[in-house]
Amino acid sequence: MLSATANSVHAMIAGRFLVGLGIGISSALVPLYISEISPTEIRGALGSVNQLFICVGILIALVAGLPLAGNPIWWRTMFWAAVVPAFLLGFGMLFAPESPRWLFKQGKVAETQIAIKKLWGDKKLDSTMTSLRAGGSETAGEDAGWGDLFSSRYQKVVTIGAALFLFQQFAGINAVVYYSTSVFRTAGITSDVAASALVGAANVFGTMVASSLMDKQGRKKLLITSFLGMSFSMLLLSLGLSWPSLAAYSGTLAVLGTVSYILAFSLGAGPVPALLLPEIFPSKIRAKAVSLSLGVHWVTNFMIGLYFLSAVTKFGVSRVYQGFAAVCLVAAIYISQNVVETKGKSLEEIEMELSPAA
């Protein structure tokens, strides 16, 4: 609302700052909440549905920008429209149950049982309570400090969480999105909004596929396939933009490379990290470890946005894309050697497997 009614740059910046705070908070809380309230057998699908509707929202926002060409003040209407989903989310959460795992950690056993019944029904009560007790969830008052994240007991899983988001961003997703309009112009697509909408549509389609495969193929396999596909697509983009012998096909190759990259990203590298992190982090450090990992995400996101064009100016876009391809390949190797499969396991089972009691 502040952005929609802004009459100065300062008011606009203030509005965007508040939106940024909300995005930062929700990006850490939403995947954490979903992972803790989801039944084990569909946890992957529900986590990826979150990413799917983020992609749908991005696509709707891109399409909503089309009237800007004929109405320069349309941006105010777009900001007013954005008030609606924000209000619905805030209002809807008033009726959402608290996470049973968080309640149990706080020692609120009676409230835990009420939440379990509301979420999963009476039949799940006994088995879930048994699982929570067997998982050694901490009693009220026990909570990890930031220093605990780097202790020998938790260092490996925290490193994996940070590394996944580091690879996700340095694989070049934002660079591809930023540069996509220029790439599509080489293929004759002159509308920047139409180009962005095509990228958004590819993102939605790939995430839909990921949602259907998450609990069948597993997180690890999707991640490896995704990064290998992104590496191949980056090489295709590089060839289309740099090889003189392919100049006649440069536009087509660049568009194919961009679309295939977005599809590969949305298959695993996009939705999986935010889903996987709350699964692999023990309950004692889960909240802080997810926050730390999402912090890595936003810092690297900012760095790519800040330095990408400078790197292109200095080294050329083809060389930069080759660097992204190398990062994707390294990511696939790292994941194959370090990431565990969490498909079909409860959070308590994963915790006992990765972080046995010290």
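**View 1. The surface of the predicted model.** The protein chain exposes about 17,700 Å². Carbon and sulfur atoms supply 69% of that area. Buried residues make up 42% of the 358 residues.

**View 2. The fold of the protein chain, with 15 helices and zero strands.** Along the principal axes, the C-alpha atoms fill a box of roughly 65 × 50 × 35 Å. The radius of gyration is 22 Å. A compact globule with 358 residues would have a value near 21 Å, so the two agree. Residues 24 or more positions apart account for 79% of them.

**View 3. The charged side chains of the protein chain.** There are 25 positive and 18 negative side chains. The centres of the two sets lie 8 Å apart.

**View 4. Residues 137-141, where pLDDT stays under 50.** The model has twelve contacts beyond four places in sequence for residues 137-141. For the protein chain, the mean pLDDT is 84. In the chain, 91% of residues reach 70 or more.

**View 5. Met208 in helix α9.** Helix α9 covers residues 192-217. Is Met208 buried, partly exposed or exposed? Its relative accessibility is 47%. Buried means under 20% and exposed means over 50%, so a value in between is partly exposed. Met208 therefore counts as partly exposed.

**View 6. Met208 and Leu276.** These two residues are 68 residues apart along the chain. The C-alpha atoms of Met208 and Leu276 are separated by 17 Å.

Notes
Residues are numbered from 1 along each chain as its sequence is written. This is a predicted model: local features need pLDDT of at least 70, side-chain atom pairs count only at pLDDT 80 or more; totals for chains, interfaces and linings use all residues. Side-chain values use heavy atoms; hydrogens and water are left out. Helices (H or I, at least four residues) and strands (E, at least two) are DSSP runs, numbered from the N terminus. The radius of gyration is taken over C-alpha atoms; the globule rule is 2.2 Å times the number of residues to the power 0.38. Buried means under 20% relative accessible area, exposed over 50%, partly exposed in between (1.4 Å probe, protein chains only). Contact means heavy atoms within 4.5 Å. Accessible areas come from the Shrake-Rupley method with a 1.4 Å probe; for residues, only the protein chains shown count as cover. Lys and Arg count as positive and Asp and Glu as negative; His and the chain ends are not counted. The place of a charge is taken as NZ of Lys, CZ of Arg, CG of Asp or CD of Glu. pLDDT is the predictor's confidence in each residue, from 0 to 100.
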